[in-house]
Amino acid sequence: MIGKGMARRKLVLTVAAGCTAMVVLTACSSSSGSSGNSGGARGSGGSNHRSAAAAATSPVPRSFSATVDNPWFPLPPGRTLVYSGTKDGAKSTEYLTATRETEKITGIPCRVVEDRLYTDGTLHEATRDYYAQDAAGNVWYFGEDTAELDAHGNMLSTEGTWRAGRDGARPGIFLPAHPVPGASGQQEYYPGQAEDRFQILNLTSRVSVPYKTFTGTLRTKEWTPLEPGVVDNKYYVKGIGTVKEVTVKGGPFEENVLTAVRG
């Protein structure tokens, strides 16, 4: 799903009981592979381990806000992004809505984002995602409540549901305030359920989607140890957020492209 990614993502971090964290961005971590178009497989590793940036302790709860205005991933309340694509071999339509609702997780006020995924015209997944932004402009991901539905709207599974602070789950930085090519990390951490990772490839890509053609987009490589060998590319545009996500290696082909912006 576009909001979280078809793989998943995270920045390297450790969260203590008082909601403080040490965040480290690395240019090429051993798990991120190369920065080519599709990237390396999960176990390939990279030879360059130089540090790209290191932030001090993250803001305490009072330094977080549910107002997410990072230019690469803004969440203005009331706006809906509409996507079309392919998932599990079926045609899909996805609606990503930044609601006016907020919810506190580990004492942090989070923006609630509703994600509705339809396949072949039927609601397949309904998700509530939780994002917050720190004073430095980094967007944090604090969890999700996910429901997979059958053709009649009955719940089949809540697999993938997690929240920071529960059962050892920890939040991650979904997108840094100042993306740097080569930087990589984790976006979430709930063992066996949510372990998405990313690497920033460049900020100069050109991409065409039904909504518009863009230049100067932020392109990332995304993967998770839970799906070895599967790599996605994601494209972000300033002022909008995600405009395209596509499988570039391994696994069944999946794609989501932006078709409309409402609100």
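A salt bridge is taken here as a side-chain nitrogen of Lys or Arg within 4 Å of a carboxyl oxygen of Asp or Glu, and by this rule the count in the predicted model comes to nine salt bridges. One of them joins the side chains of Lys87 and Glu254, with an N to O distance of 3.8 Å; this pair links distant parts of the chain, since Lys87 lies in strand β5 and Glu254 in the loop between β18 and β19, 167 residues apart. Both Lys87 and Glu254 are buried.

In a further salt bridge, the closest N and O atoms of Arg163 and Asp145 are 2.7 Å apart, and because Arg163 belongs to strand β11 and Asp145 to strand β9, the pair ties together parts that are 18 residues apart in sequence. Arg163 counts as buried at 12% relative accessibility, whereas Asp145, at 23%, counts as partly exposed. Both residues also belong to a network of salt bridges that includes Glu101, Glu103, Glu114, Arg116 and Arg128.

Strand β12 is itself mostly covered, five of its six residues being buried, and two bridges join β12 to the antiparallel strand β14, where Glu188 stands opposite Pro171.

The largest nonpolar core has 43 residues, and those with the most contacts inside it are Phe73, Tyr131, Phe142, Phe174 and Val243. Beyond its neighbours within four places in sequence, Val243 is in contact with residues including Tyr83, Phe214, Tyr235 and Leu258.

Technical notes
Residues are numbered from 1 along each chain as its sequence is written. This is a predicted model: local features need pLDDT of at least 70, side-chain atom pairs count only at pLDDT 80 or more; totals for chains, interfaces and linings use all residues. Side-chain values use heavy atoms; hydrogens and water are left out. Buried means under 20% relative accessible area, exposed over 50%, partly exposed in between (1.4 Å probe, protein chains only). Helices (H or I, at least four residues) and strands (E, at least two) are DSSP runs, numbered from the N terminus. Two strands pair if DSSP finds at least two bridges between them. A nonpolar core is a set of buried Ala, Val, Leu, Ile, Met, Phe, Trp, Tyr and Cys residues joined through side-chain atoms within 4.5 Å. Contact means heavy atoms within 4.5 Å.
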